[in-house]
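Dear colleague,

I am handing over the structure below for your files. Please look through it together with the notes that follow.

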Amino acid sequence: MQPNSAAIVVLVGLPFLAAAVAPIVYRYLGDRTAYFAAAIAFISLGLVSSQHGVHGEVVLPWIPSMGVTLRFYVDGLALLVGYLASGIGVLVFTYSASYMHGEPGKAKYYATMLAFMGSMLGVAFAADLLAIFVFWELTSISSFVLIGHYTDERDSRYAARKSMLITVGGGLFMLVGFLILASHAGTYDLVYMLEHADEVRSGLASAGLLWPVVGLLGIGAAAKSAQVPLHIWLPNAMEAPTTVSTFLHSATMVKAGVYLVGRFRPLLLSDEWMALFAALGLITMTVTAILAVSATDIKELLAYSTASHLGLIIAGFGFLHAYGAETGAFHILNHALFKAALFLVAGIVAHEAGTRAIDELGGMWRDLPITAGITVVAALGMAGVPPFNGFYSKELLFEAAYETAVHLGGLAWLYPAVAVFGSIFTFLYSIRFLQLFFGDRPDALGEVHSPPVTMIAPPLLLAVLAAIVGAMPQLAVDTLIQSVVGSATSGHAHAFHVGLPTSLTPPFVMSLIVMGTGVITYPFYGRIHAALNRLFEVVPPITANWWYDSIVYGVNRRSVQVAERVHNGLLRLYATWTFFGVAALTISGFVATTATLPAELPITLAPALILVLLVAVVAAVAITIAPSHVAGVLTLSILGFMVAIFYILASAPDLALTQLTIETLTLVIFLLVLDRLPAFYGEIDRMGAIRDGVLSIAVGMTVTVTVLLSTAATPTMKIAEYFVEEAIPQGGGGNIVNVILVDFRAFDTLGEISVIAMAALSVLTLVALRNGGETA
C-alpha cells in the first residue's frame with residue numbers, strides 16, 4: 001500500500017505553518033496557546049497514524065525543468081520517529097500550559113517548538129539526502145533558540161552556543177559524507193540507494209570510500225545524539241525549560257542521530273560499521289552512566305542518562321549479529337517512554353519543591369503519590385529491572401553483545417563485559433532518582449504542593465504506556481517494532497519474540513549480575529559519587545566542559561593575537577599573505593588533481609620577440625633597484641609597453657591598443673599620485689628582501705605553471721571557429737566581436753558596464769561634494 005501524498009505533505013508542512021502564526025495566536029490566547037500547539041501535534045499524530053502499515057515513497061516535483069524533486073519515504077522507522085515527535089509533542093504542549101505560566105518569551109517558545117516538531121518530522125520522512133540535511137540543521141537551529149530561551153542568563157547563552165557549535169559542526173561532517181555517497185551513487189535519492197544497497201556498499205569499499213563515509217556519518221550522528229566525546233553539550237542544554245529538555249533532549253531531537261544510524265544501517269552495514277558504532281555506543285553508554293552517578297542536579301543526571309541510553313541504541317544498531325537491529329529499534333521506543341516521563345517528573349519536582357539539587361530532595365511520596373508511582377515505573381524501566389519495559393531491550397543488547405563475542409572471540413569479549421559494567425552504573429543512578437521519593441526526607445525540604453492536572457496527566461500517560469509495554473512487550477513488537485527492524489535490515493528481518501526469561505540464558509545471567517552488583521553497591525552510592533567528583537577536581541581534563549572551554553576560549557585568545565599581528569596596517573604584509581595564499585591554493589589544487597606539465601613545449605620565438613622579452617626582463621630587474629618612486633613607476637611602464645609590443649607581434653592589434661591606452665593612463669595617474677608621496681623608498685632588511693624575492697619567484701612559477709597547464713589542451717574545435725560558426729545562428733550578427741561582447745559574454749560585458757557606471761557615479765559624487773564645500 002502506497003502512502004498518501006497529501007497526508008505526508010500536510011504532516012510535514014502543518015507544524016511550520018502553525019509556527020508562523022503562533023505569535024499571532026498567542027496575542028489572543030495567551031497561555032492557552034499551549035492547547036493550540038497541542039491540537040496541531042494531535043493532528044500530526046493522526047496523520048502519522050493514518051499511514052500505519054504503509055510502505056513506500058512520495059515524490060513531489062519541485063523544479064521539474066531541472067529534475068529536482070522533493071522525496072518522502074514512509075516505513076516503520078519513519079513512523080516510529082513520527083509517533084514520538086507528534087505524540088510526545090501533544091503531551092509536552094499540554095504540560096506547557098501550566099509549566100510555562102509566568103515564563104518570558106512564550107510566543108517565541110511555542111513558535112520554535114512547533115518549528116522543531118516540523119523539522120523532526122521532516123528528518124524522519126525525508127528520502128533525499130539534501131532534504132534530510134536541511135531538516136537536520138533546522139532541528140539544530142530550533143534547539144539553539146530553545147536552549148537559549150532565557151536570553152538574560154549567561155549560562156543559557158553559553159549552553160545554546162555550545163550546542164549549536166557541536167551539532168551544526170557535526171552536521172557539516174555528515175553533509176560531506178552525503179556528498180561523497182551521492183557522488184558515488186549518482187543520485188541523492190536515499191530510496192534508490194537502499195534498494196541497491198549491496199551494489200552501493202561494494203562500490204564504496206572498492207573505491208576506498210566506505211570508511212570515510214561511515215566515519216563522516218558517525219560524526220554527524222555522534223554530535224546530534226551526544227555520543228562520547230561530543231556528549232558535552234547535552235548536560236548544559238538542561239538550562240532550557242524542562243519541557244524543552246523533555247521534547248528535544250530526551251525523546252526526539254537526540255533521536256535524530258540514532259535514526260540516522262538506523263536509516264543507513266542496511267546501506268553501510270559492514271565490519272567497518274560494527275567497529276565504529278558498536279564501540280562508540282558501548283563507550284558512551286559506560287562513560288556517561290558514570291558521569292550520571294556524579295551528577296548533583298536531577299536534570300543533569302537525566303541528561304547524562306539520556307546520552308548513556310542513546311549509546312545503547314547506537315551499539316545495538318552497530319552489531320551485525322543476533323539482535324542488533326532489534327535492540328536499537330525497541331530501545332528507541334522504551335527510552336522515549338520512560339525518559340520523557342522522568343523529565344516531566346523532574347519538572348514537577350522543580351516546580352513544586354523549588355529545587356533540583358539531588359541532596360535537597362527525598363521522601364516526597366506522601367506529597368506527590370501519583371508522581372511517585374510514575375517514577376517507579378519509569379525509573380525501574382530505565383534501570384532495566386524486569387518486568388519493566390527497559391529490561392527487554394537491555395536483554396536484547398546483552399544477547400547481541402554475547403553472540404558477537406562468541407562469533408568473533410578474542411577482544412570481542414569486551415563487548416559483553418563493557419555492556420555489563422556500564423549497566424551497573426545505569427542501575428545505580430536509576431535507583432538514586434527513585435530515592436527522591438522513597439529516601440529520607442531532608443529537614444530543609446519545605447512544603448511540596450500537588451501539581452495541576454495538566455502537569456500530572458502527560459507523565460502519567462507515558463508511564464501507563466511504559467507499563468503496558470513492560471507487561472505485554474510482544475504486543476509492542478508485533479504492532480510497531482517489527483516493521484522498524486525491517487527498515488534497519490532492508491526488510492530482511494525475521495520475526496522475533498521477547499518476554500520474561502524462563503531459564504538461565506547468558507543474557508539473563510548478565511542482567512542478574514547487573515542487578516545483584518547494583519544492589520550490593522548502592523549503599524556506597526554516596527562514597528562513589530563523592531570520589532568521582534574529587535577525581536574531576538584533581539583531573540580537570542576528564543570533565544565535560546574542560547576540553548570545550550580550553551579549545552574555544554583558547555582559539556578566541558589566539559585569534560586576537562593573530563589579528564593584531566596580521567592586521568597591522570602594513571600594505572606590504574597584506575600583499576604578502578594574499579599572494580602567498582593564492583599561490584599555495586593554486587599549486588595545491590594542481591597537486592591534488594595530479595596535473596602534469598606537457599612533455600614538450602611547442603614554443604617558437606622569433607628574434608624580435610626574444611628582444612622584447614629581454615627588454616622586459618631587464619625592466620623587471622631594474623624595478624627592484626629603482627632609487628625612487630618615480631624611477632620605479634617609469635621602469636614598470638616599460639614592462640607594460642613591452643606587453644603591448646608582444647601583442648602586436650602576435651597579430652593582436654586590438655589588444656595592443658588597449659594595453660597601450662591602459663598603460664599610458666596608469667602611468668599618468670601614478671605620477672600624479674606620487675606627488676603626494678615621499679620621494680624615496682624606505683630601507684628594507686635582508687630577511688624582508690629574501691622573503692619578497694622568494695614570494696615573487698613562487699608567484700611567477702604559479703602563473704607559469706597555470707599558463708602551461710591551461711594551454712596544453714588541444715581541443716578538436718578551436719574557439720574561434722565556434723564563434724564564427726555560431727555568430728549568426730545564435731547571435732544574429734555578422735560582426736563577430738560585437739556578438740561575442742553582447743551575446744556570448746553578455747554577463748561579463750554587463751559587469752564591465754556596471755563598473756564604469758559606478759565609477760562615473762563616484763566621480764559625480766566627489767564633484768558634488770566639492771561644490772558643496774566638503775573637504776574630506
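The notes below cover a pair of helices, a salt bridge, a record annotation and the domains.

Please keep in mind that this is a predicted model.

Helices H2 and H4

Helix H2 spans residues 33-50 and helix H4 spans residues 106-125; their axes come within 10 Å and cross at roughly 10°. Because angles under 35 degrees count as roughly parallel, H2 is roughly parallel to H4. On the H2 side, the residues in contact are Thr33, Ala34, Phe36, Ala37, Ile40, Ala41 and Ser44. On the H4 side, they meet Tyr110, Leu114, Met117 and Leu121. Sorted by class, this contact holds nine nonpolar and two polar residues, with no charged residues.

Salt bridges

Eight salt bridges are found in a search of the whole structure. One of them joins Asp31 and Lys106, with 2.5 Å between the closest N and O atoms. Asp31 sits in the loop between helix H1 (5-29) and H2, whereas Lys106 belongs to helix H4. The two residues are 75 residues apart, and the pair thus links distant parts of the chain.

Annotation and domains

An unreviewed UniProt entry places the feature "domain: NADH:quinone oxidoreductase/Mrp antiporter transmembrane" at residues 126-408. In the model, that span is 77% helix and 0% strand, and its end C-alpha atoms lie 36 Å apart. The chain is also divided into domain 1 (271-522) and domain 2 (571-716). Between the C-alpha centres of domain 1 and domain 2 there are 70 Å.

Yours sincerely

Methods
Residues numbered from 1 in each chain as written. Predicted model: local features only at pLDDT ≥ 70, side-chain atom pairs only at ≥ 80, totals over all residues. Heavy atoms only, no water. Axes fitted to C-alpha atoms, helices over the stretch in contact; angles between N-to-C directions. Helix = DSSP H or I, 4+ residues; strand = E, 2+ residues; numbered from the N terminus. Parallel < 35°, antiparallel > 145°, perpendicular 65-115°, else oblique. Contact = heavy atoms within 4.5 Å. Nonpolar A, V, L, I, M, F, W, Y, C, P; charged D, E, K, R; others polar. UniProt positions renumbered as here; feature names shortened; annotations may be inferred. Domains from an automatic or database assignment. Salt bridge = Lys/Arg side-chain N within 4 Å of Asp/Glu carboxyl O.
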